[in-house]
Amino acid sequence: MTRFDTRAIHAGQDPEPTTGAVVVPIYATSTYAQAAPGEHSGYEYSRTDNPTRTALQVALASLEGVDEDREGGCVATASGMAATALVGYLLKPGDHILMPDDAYGGTFRFISQVLAGQGIEWTVADLTDPDAVAAALRPETRVVWVETPTNPLLRVVDIAAVADSAHSAGATLVVDNTFATPYLQRPLSLGADIVLHSTTKYLGGHSDTVGGALVTADPDLIERLRFLQNAAGPVPGPFDSYLVLRGIKTLAVRMERHCANAMAVAEFLAGHDAVEQVYYPGLVDDPGHLVAHRQMEAFGGMVSFRLSGGPEAAIRVSTGTELFFLAESLGGVESLIEVPAAMTHLSAAGSALEVPADLIRLSVGIEHPDDLLEDLDRALRRM
Ligand code: P1T
């Protein structure tokens with residue numbers, strides 16, 4: 001098997017056989033002509049399969065360590081939440097999901113407000129604590145849901161340890177790998193059963209599309225997920241599939257710069273008088289540092305922090321930067337700043353996943369690091 005950076009450019013992306021085009025074409029077609037009823041090229045209808053989407057799925061599976069040598073595969077979806085919804089379709093009333101106490105607000109909203117309404121039980125635990133995981137598992141637990149690093153507190157969960165607990169309880173381990181990307185962390189190799197992505201983020205990488213994906217090495221599970229993808233229909237169109245595939249080609253080089261810039265930003269903030277606390281697993285005194293060091297190649301591009309001045313100061317700083325745009329989402333080449341309690345995690349208000357009102361989250365982009373530090377410094381001075 002070739003190396004990661006090479007597979008990002010080549011897996012599923014052979015030249016197009018008719019013309020030799022080196023870029024996978026955008027197959028803008030809903031249907032495919034058949035020679036006789038049922039006699040087709042392998043493609044019959046684009047909800048079921050589309051060649052641009054197939055290329056993306058093969059590439060993503062390969063990056064998560066599933067290729068020709070391993071069974072399983074990938075289903076690409078219309079958004080990260082559509083991928084979450086497909087996991088939800090695996091469950092039935094009475095089943096239980098164990099959730100982390102820090103996770104993307106939309107994931108919490110879907111589980112607590114949509115799946116719960118269909119009779120699926122859920123509870124929350126600190127998944128960074130192996131004893132808390134063991135205590136929270138029930139005979140009905142079907143899914144243990146891990147995000148690592150978590151959104152927005154950048155907590156690090158020991159995937160291999162939680163995989164052992166989940167499997168001993170007969171549960172499936174789902175790992176949301178959006179923040180780390182397969183370049184930094186490959187959960188299937190640590191025991192996860194399903195990896196979930198919002199490809200909207202680092203995989204797409206340019207804040208120009210919304211998408212998601214599930215990857216598994218389990219042949220039965222991928223068959224079931226493919227059935228659900230086709231039956232429920234939350235598929236990405238060919239143009240969106242193309243954008244994510246194009247983004248993936250540069251994932252390795254972008255992630256190097258995201259990680260280096262985020263480390264510079266985290267160190268700068270940790271030494272700043274106006275900053276009370278910095279959350280970044282790359283800092284040696286961060287509680288997640290050792291596990292992150294073991295299970296990740298580097299520490300990612302997300303940094304969160306709290307100011308000594310409280311929520312008003314957080315609002316002033318988040319509206320005071322020029323290069324960091326005040327916006328939801330993450331993982332694009334441009335830097336973003338946001339206040340999760342008022343934006344991405346509003347739906348977690350009043351719940352066990354509520355985030356501190358004065359927390360600021362940064363998605364550190366790939367601009368020149370000195371410009372980013374100067375931008376933050378100016379905003380912190382003004383507060
Ligand atoms: O936005 P969508 O592509 O549907 O992905 C949902 C999702 C899933 N998992 C994680 C860890 C996420 O961060 C997200 C989306 N998050 C944001 C939009 C955000 O700003 O945090």
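Visitor: Which residue's backbone nitrogen does the side chain of T200 reach?
Guide: This is a predicted model. The T200 side chain comes to 3.1 Å from a backbone nitrogen. That nitrogen belongs to G211.

Visitor: Is T200 buried or exposed?
Guide: The cut-off for buried is under 20% relative accessible area. T200 has 13%, so T200 is buried.

Visitor: Which side chain joins that of T200 in a polar contact of 3.1 Å?
Guide: Leaving aside neighbours within four places in sequence, T200 is in contact with T209, V210, G211, S329 and L330. The 3.1 Å polar contact between side chains has another partner, S198.

Visitor: How many residues does the largest nonpolar core have?
Guide: V144, L173, L269, V278, F305, L307 and L362 have the most contacts inside this core. Helix α10, residues 251–270, gives the largest share, eight residues. Domain 1 (4–248) and domain 2 (252–382) each supply at least three residues. The core's count is 81 residues.

Visitor: Which residues is F305 in contact with, leaving aside its neighbours within four places in sequence?
Guide: F305 is among the residues with the most contacts inside the largest core. Its partners are L269, V275, Q277, V278, Y279, D358, L359, I360, L362 and L380.

Visitor: How many residues are in the second, separate core?
Guide: L86, A103, L214 and I222 are among its members. The count is 26 residues.

Visitor: What area is buried between domain 1 and domain 2?
Guide: The domain centres, taken over C-alpha atoms, are 26 Å apart. Domain 1 brings 40 residues to the contact and domain 2 brings 41. Carbon and sulfur atoms give 63% of the buried area. That area is about 3200 Å².

Visitor: Which residue forms a salt bridge with R186?
Guide: The rule finds two salt bridges across the interface of domain 1 and domain 2. For the R186 bridge, the closest N and O atoms are 3.3 Å apart. The partner is E297.

Visitor: Which element gives the largest share of the side of domain 1 that touches domain 2?
Guide: Between the domains, 17 residue pairs are in polar contact. On the domain 1 side, β2 (96–100), α4 (105–115), α7 (181–184) and α9 (238–249) give two or more residues. The largest share is four residues, and it comes from α4.

Definitions and conventions:
Residues are numbered from 1 along each chain as its sequence is written. This is a predicted model: local features need pLDDT of at least 70, side-chain atom pairs count only at pLDDT 80 or more; totals for chains, interfaces and linings use all residues. Side-chain values use heavy atoms; hydrogens and water are left out. A nonpolar core is a set of buried Ala, Val, Leu, Ile, Met, Phe, Trp, Tyr and Cys residues joined through side-chain atoms within 4.5 Å. Buried means under 20% relative accessible area, exposed over 50%, partly exposed in between (1.4 Å probe, protein chains only). Domain bounds come from an automatic or database domain assignment. Contact means heavy atoms within 4.5 Å. Buried area is the accessible area (1.4 Å probe) that two parts lose on being put together, summed over both. A salt bridge is a side-chain nitrogen of Lys or Arg within 4 Å of a carboxyl oxygen of Asp or Glu. A polar contact is a pair of N or O atoms within 3.5 Å; within protein, one must be able to donate a hydrogen and the other to accept it, and residues adjacent in sequence count only if both atoms are side-chain atoms.
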